[in-house]
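Subject: Structure handover

Hi,

Here is the structure I promised you. Please open it and keep it beside this email as you read.

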Amino acid sequence: PAQRVPGVAGSAEAAKESKLSVFSGHDTVIAPVLAGLGVFQDPGIGLCHWPRYASRIVFERWSRGEEHSVKVHYNGMDVTAHIPACKATATAGQPCSLAAFETQVSSLLGSAESFEAACQGSSPLR
């Protein structure tokens, strides 16, 4: 199983403690994250261009009782329903189930059991 990213897919208890988590990066991070989510080249939203200055990706974690879900926004545009694994559970404006979102992220790991295992030996700096 894929490892959970703290603050995005962590436990319900962690979500109560942290209302906002901020991670920063450059355009060289934003485009690959969008590609990994399967929305960068989606013709329905027209993102197939390099991110403009001050671009942002916002991951909203929603909780209702024991049910957890995620919404993803790129520069203010809700792209959740365009994530391939979320298409079945997220209609326009609705969140994606956390399980479906985890499926999309896990698909990036291939056969690796963790993020660390997926990156073993793949760094050009090693």
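How many bridges join strand 1 to strand 2, and do they run parallel or antiparallel? Eight bridges join the two strands, and they run antiparallel. Keep in mind that this is a predicted model.

Start with that pair. Phe59 has Val72 of strand 2 as its bridge partner. Strand 1 and strand 2 make a hairpin, with two residues between them. Look at Gly65 in the turn: its phi is positive, about 65 degrees.

Now follow strand 2 to its other partners. Two bridges link strand 2 to strand 3, residues 77-78, and these strands are antiparallel. Tyr74 is paired there with Met77 of strand 3. This hairpin also has two residues between its strands.

Why is strand 2 largely enclosed by the rest of the structure? Because seven of its eight residues are buried. Buried means under 20% relative accessible area.

Last, helix 2. This helix covers residues 27-36, and its buried residues are Ile30, Ala31, Leu34 and Gly36. They pack against strand 1 (57-64), strand 2 (67-74) and helix 3 (98-106). After helix 2 comes Gly38, with a positive phi near 80 degrees.

Best wishes

Key. Residues numbered from 1 in each chain as written. Predicted model: local features only at pLDDT ≥ 70, side-chain atom pairs only at ≥ 80, totals over all residues. Heavy atoms only, no water. Buried < 20%, exposed > 50% of the residue type's maximum accessible area, 1.4 Å probe, protein only. Helix = DSSP H or I, 4+ residues; strand = E, 2+ residues; numbered from the N terminus. Contact = heavy atoms within 4.5 Å. Pairing = 2+ DSSP bridges.
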